[in-house]
Amino acid sequence: MSQAAPPEAAGVSLAEVQHVADLANLELTAQELPRMARDLNAILGHIAELSELDTTNVPPMAQVAEMLGITPATHGESLRVDAVKPSVDRTAVMAEAPETDGRFFKVPKVIER
Amino acid sequence: MAEALQLETLSLSAARTAVVEGRVSAAALAAEHYERIATVDPQINSYLALSRERAMAQAERVDTAAKTGESLGPLAGVPIGIKDVLAMRGAPATAGSLILKGYHPPYDATVVAKLEAAGAVLLGKLNCDEFAMGSSNENSAYGPVHNPRALDRVPGGSSGGSAASVAAGLCVASLGTDTGGSIRQPAAFCGVVGVLPTYGRVSRYGLIAFASSLDRVGPFTRSVADAATMLEVLAGPDNLDATSSTQPVANYSAEAAKPVAGLRIGVPEEYFGEGLDPEIRAAIEKVLDDLGAAGCSIHKVSLPHTRYAVPTYYVIATAEASSNLSRFDGVRYGLRAEDANTLAAMFRKSRDEGFGAEVKRRILLGTYALSAGYYDAYYRKAQQVRTLLTRDFLTAFAQVDAIVCPVTPTPAFKLGEKTDDPIQMYLEDIYSVAASLAGICGMSVPCGTTQAGLPIGVQILGKHFDEGTMLRVGTAVEVAQAGR
């Protein structure tokens, strides 16, 4: 399972790119779609080199501290105390919103009736 | 009252001393920088916004304190620029993207607050590749930055504005960010010092996230000593960033000044292979001779997984980016597309209009790598190779105190030269991404120029949280250069 080979490198179709774009909430124009498919295939071909390496029993590394054995037990707690404190002023935050009634963010209709 | 200072070569310590001793006012120094920005920056395009009001108010506070004999911070009156991916209250934060056009964050990044508390005068926000994705600054929605040493060439990226502004005398120091080389590479291209601190050394609160397991904030300066001063101000734990480290902060200025005799320097053969520009190779070899002459011992080391660093990086960085950039949806800040009747259409249209081609490319790649059926083959595999790359460094650092190698395979390339081929652009990061993945510290120090006059940088890599030794080697490189 850890040796799962990448799918055929040159094989991402336009339909697959469109599917991924949908997952990522991106709209691609008719010009963008083939260009993105070409680039994605080229990059995935390069990434396929990783399959040369045997990584059986190699643990995945999500971040640096775990490799150094840095844990709250050895190096102290880095999370702040969970206490109520004033936060950024709501007026200042809402002033940045494209559309707001001052209390809530307003968005287009979510549910069709 | 104003003593004439040469802005292009002004060091941080000289600027501060002039202000503290009353030879120049902080206000005059800031005003002179703004004048120079008005004259010079139209050719360079390093600043996206100026924060004149905030800068002048701070300069006056410093000048008042200087007159009344109050104790002044380590950056008192020093004009500094901030990469536009960091939040600074009252100034726009675009991240080089149209999707954040018009956004003014209502708070300061921790590093911004720390600089100001140390007396720095923050001049404005600096141009960069969109969401820090790029190696040439050509991905900025607000136009490319031009390299001050050769205007037809790129300054490097993504912190192109941060490097160019320091090189051109448009601020004394600046802040940049580095996810895969974005501080070290532009520092090398523009001939300034750039420091990538160890992951966790500097708070990232208020940084617009690209790839959270890799993103770091660090300084650009004109000397290693100045970089040490900046790092002393920036480093340390932060309640607002759970990934910031509680490791004690060293006296970097004192560390940087220590002699290097007796240090063991590692030279990784994998960083001197095919594709390395011969002039850069020669310059790095000279640096190694200089370090040998200064009493260091030089050792060959091997980092056998180096060639897998770029593909590993482009899986992990894009996967994290696809997640981080999902927050840009036109709801809470920035751009919202008009004429969208449903929420889903509004998300799509806003992101389509707001993101540039490279950002879309990386979001697609990252989404693909994380999608059902591909996760093990790409993301998990890349995380396993990341372990191997990190082990490479841990093994090497059991034998040596620091590693010396090139920052980039070539000097600054021409604007437009690599924009059509994403892989060529990604390979620009070949010597920088492994250190990013491993979380170790690194820096770029100028070590000469090519025959065409383009700057060359040498990369010094240090152990996790051993910025002190890295800076020490940096000083030795600088001293040898000055003696040429």
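A residue is called buried here if 20 or more other C-beta atoms lie within 10 Å of its own, exposed if 12 or fewer, and partly exposed in between, with C-beta atoms placed from the backbone. This is a predicted model, in which local features need pLDDT of at least 70 and side-chain atom pairs count only at pLDDT 80 or more, whereas totals for chains, interfaces and linings use all residues. Residues are numbered from 1 along each chain as its sequence is written, and chains are lettered from A and ligands numbered from 1 in the order in which they are written.

**Stop 1: confidence**

Colour the model by pLDDT, the predictor's confidence in each residue, from 0 to 100. Chain B has a mean pLDDT of 96, with 99% of its residues at 70 or more. For chain A the mean is 86, and 86% of its residues reach 70 or more. Within chain A, confidence is highest in helix 1, at 96, and lowest in helix 4 (residues 72-75), at a mean of 71. Residues 1-9 of chain A have pLDDT below 50. Where pLDDT is low, the predicted coordinates should not be read in detail. The model scores ipTM 0.89 and pTM 0.96.

**Stop 2: helix 16 of chain B**

Select residues 467-482 of chain B, which form helix 16; helices (H or I, at least four residues) and strands (E, at least two) are DSSP runs, numbered from the N terminus. The buried residues of helix 16 of chain B include E467(B), M470(B), L471(B), R472(B) and V477(B). Among the elements that cover these buried residues are helix 9 (278-293) and strand 10 (441-449) of chain B.

**Stop 3: where the chains touch**

Show both chains together. The contact takes 50 residues from chain A and 59 residues from chain B, two residues being in contact if their C-beta atoms, placed from the backbone, lie within 7 Å. Helix 13 of chain B gives the most to the side of chain B that touches chain A, with 13 residues.

**Stop 4: a helix crossing**

Finally, select helix 1 (residues 14-23) of chain A and helix 12 (residues 357-370) of chain B, whose axes come within 9 Å and cross at roughly 95°. That makes helix 1 of chain A roughly perpendicular to helix 12 of chain B, a term for angles of 65 to 115 degrees.

Key
Axes are lines fitted to C-alpha atoms, for helices over the stretch in contact, and angles run from 0 to 180 degrees between N-to-C directions. Angles under 35 degrees count as roughly parallel, over 145 as roughly antiparallel, 65 to 115 as roughly perpendicular and the rest as oblique. The expected span of a helix is 1.5 Å times one less than its number of residues.
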